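Keep the viewer open as you read.

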Amino acid sequence: MTARNWDRTLVYGGAFLLAAWVIVPFYLIALSAFSRPDDVFTYPKPLLPVALSTETMDFFLRSRGVFASVLNSIAVAVITIVLGLALGAPAGYALARFAFPGRSGFQLIILVTKMFPVAILSIPLAVTFLQLGLYDNILGVALIHTAMALPFIVLVTAGVFAGVSNELEEAAMTLGCSRFTAFLRVALPLALPGLAAAAIFTFVISWNEVFAATILTLRQRTLPALVLGALNDSPLYFKFAGGFFMVLPAIVFIFFMRRYLLNLWGAR
Amino acid sequence: MRARTEELLPFALLLPAIVFLVLLIVIPMVQALFLAVQADSGELTTDYLNRMTVDTNFSDAWRNTLLLLVLIVPLQIVLALAMALLVHSRIRGHAWFLYVYAIPLAISDLAAGILWLAVFTERGYLNTVAQGVGAIDTPRVFLSFESFPSLLAAIVLAESWRATAIVMVILVAGLQLIPRDFFEAADLFGASRIRRTIHVVLPLLRPSLQSALIIRTIFAFQTFAVVLALAGRNMPVIAGEAYAWYANNRNPHVAAAYAILLLLFTMVATVLYLRVLGLREAEVKR
């Protein structure tokens, strides 16, 4: 082989090896989730899908509290999306359109909250929520999830609105639209795909969040809170099914959001 | 009048987000501080801080959190750098590789812990493969307190697997800021891929590397569910102790003390990050 060929082999070999490192655990958890509950005791494990069964997943989905917790997770995520976009999109729009004093200060706030361990604040919040009647309430969980997602929503929406030409809005305004109707009729429809991506990412943040959901709930568990609470006293196959079920939407959603990945973490 | 409303508009748009962040972050932060040093009667006390520090798990929690940090972060930087360079080199299918490498970005640490549990249990896939190739005769126990090194290794692998994606995305974004000419110039002078990476790419990527490093350091302080999924209570970590004091021992005061501890370290790292950022802006202007 020539040096050039060696180089290519090395590069592609490395790329596929790293891809395998990412993908193989997904394959193994799918394999575990779709074998029979008794198969967790089988050894050696079959590495190929030779004995697929939906028994384990059936068991998981029919276990006490699982269905309700999935509904709770979805409800929390939806409230978080609505609240997060309502609070974050205007801020993103302001960052994209206006130069104003304090702009860089606000960007700093966003940067700091992006990295801030918000979940840990669920301990003092639990005490407050208890007094407000928000403890063990999906709304309370959604509030803290919104605080976590907000900086990301501001960043993505700022990027989205920056990509929608301001001239179009200005043209609409010279044609008699107010700024608000110009936004509603011109900028918003163009920004819709980007806003959908922001909503999807918010869903992922909320769907995955464990710490705050566990601290702030007792019976109104979200799915991760339920699985975490059951770690000590649930059989392995329950955990595997739960792990698979939690991972599934994430894979699908990240696919729809892949164009905006660099905005989320790449942006300074 | 109209011009005045136009001037105020950006502030009106920002206000709801700022008010919300004050209510959900600034106020609870102050509350956490009071919870940690104030008894229910209202008296100031160091009891809770004492109870935290004399607890048998305290020093373990500290040591383990730092140990994980020191092991995970460099591994992630190396893996992420390899991924980012491959994606950036525009090999065929680079968009697909970027997507695959980024998938764990959407995985919770709890789910990641469970995924790797399937690998590391006694009747799991690692033992199956190891015995299949003849490396071991009987299945090993990886995830017990008695086999601390392999327990640690399992957590390091699971957490590196999950959180490398964030670092990778930061580095890819950083690479895109480097003008293509730099790469071409290096090629022109006959630099090999490795020499080019070391002498041209890495120095230019330093700002991104630094921010990735610090973001990951901050996040590593919060490592929690992945440890719980793989090790149970066998490996105490700071965030896990906060959770245990709140949920199991029903003592929000000591839990808040742990929370304050975590916040303190986050702030130190954040200040560091901002200093790095200041440096970065200066570099961009240069």
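At what angle do helix H6 and helix H8 of chain A pack? In this predicted model, H6 (residues 138-163) and H8 (residues 179-208) of chain A meet at about 150°, and their axes are 9 Å apart. Angles over 145 degrees count as roughly antiparallel, so H6(A) and H8(A) are roughly antiparallel to each other. If you look at the handedness, H6(A) and H8(A) cross in the right-handed sense.

Now zoom in on the side chains. On H6(A), the contact is made by A:His145, A:Met148, A:Ala149, A:Phe152, A:Ile153, A:Val156, A:Thr157, A:Val160 and A:Phe161. H8(A) answers with a set that includes A:Ala187, A:Ala191, A:Gly194, A:Leu195, A:Phe201 and A:Ile205. Sort the residues of this H6(A)-H8(A) contact by class and you get 14 nonpolar, five polar and no charged.

Let's step back to chain A as a whole. Its domain assignment gives domain 1 (1-59) and domain 2 (64-266). The centres of domain 1 and domain 2 of chain A, taken over C-alpha atoms, are 31 Å from each other. Where the two touch, nine residues of domain 1 of chain A are in contact with seven residues of domain 2 of chain A. On the domain 1 side, helix H1 (3-33) and helix H2 (55-62) of chain A each supply at least two residues. H1(A) gives the most to that side, with five residues.

H1(A) packs with helix H4 (residues 94-102) of chain B at an angle of about 35°, with axes 9 Å apart. This crossing of H1(A) and H4(B) is left-handed. To find it, look for A:Ala15, A:Leu18, A:Ala19, A:Val22 and A:Ile23 on H1(A), and for B:Phe97, B:Val100 and B:Tyr101 on H4(B). The contact of H1(A) with H4(B) has eight nonpolar residues, no polar ones and no charged ones.

How many residues of chain B are in contact with chain A? There are 77 of them, in contact with 79 residues of chain A. The largest share of the chain B side comes from helix H1 (residues 2-37) of chain B, which brings 14 residues. By class, the side of chain B that touches chain A holds 62 nonpolar, twelve polar and three charged residues.

What about chain B itself? You'll find twelve helices and zero strands in chain B. The C-alpha atoms of chain B fill a box of roughly 85 × 75 × 30 Å along the principal axes.

Finally, a word on confidence. The predictor gives the complex an ipTM of 0.88 and a pTM of 0.89. Chain B has a mean pLDDT of 86, with 93% of its residues at 70 or more. Where pLDDT is low, the predicted coordinates should not be read in detail.

Note on methods
Residues are numbered from 1 along each chain as its sequence is written. Chains are lettered from A and ligands numbered from 1 in the order in which they are written. This is a predicted model: local features need pLDDT of at least 70, side-chain atom pairs count only at pLDDT 80 or more; totals for chains, interfaces and linings use all residues. Axes are lines fitted to C-alpha atoms, for helices over the stretch in contact, and angles run from 0 to 180 degrees between N-to-C directions. Helices (H or I, at least four residues) and strands (E, at least two) are DSSP runs, numbered from the N terminus. Angles under 35 degrees count as roughly parallel, over 145 as roughly antiparallel, 65 to 115 as roughly perpendicular and the rest as oblique. A crossing is left-handed if the near helix is turned anticlockwise from the far one by less than a right angle, and right-handed if clockwise. Ala, Val, Leu, Ile, Met, Phe, Trp, Tyr, Cys and Pro count as nonpolar, Asp, Glu, Lys and Arg as charged, and the others, Gly among them, as polar. Domain bounds come from an automatic or database domain assignment. pLDDT is the predictor's confidence in each residue, from 0 to 100.
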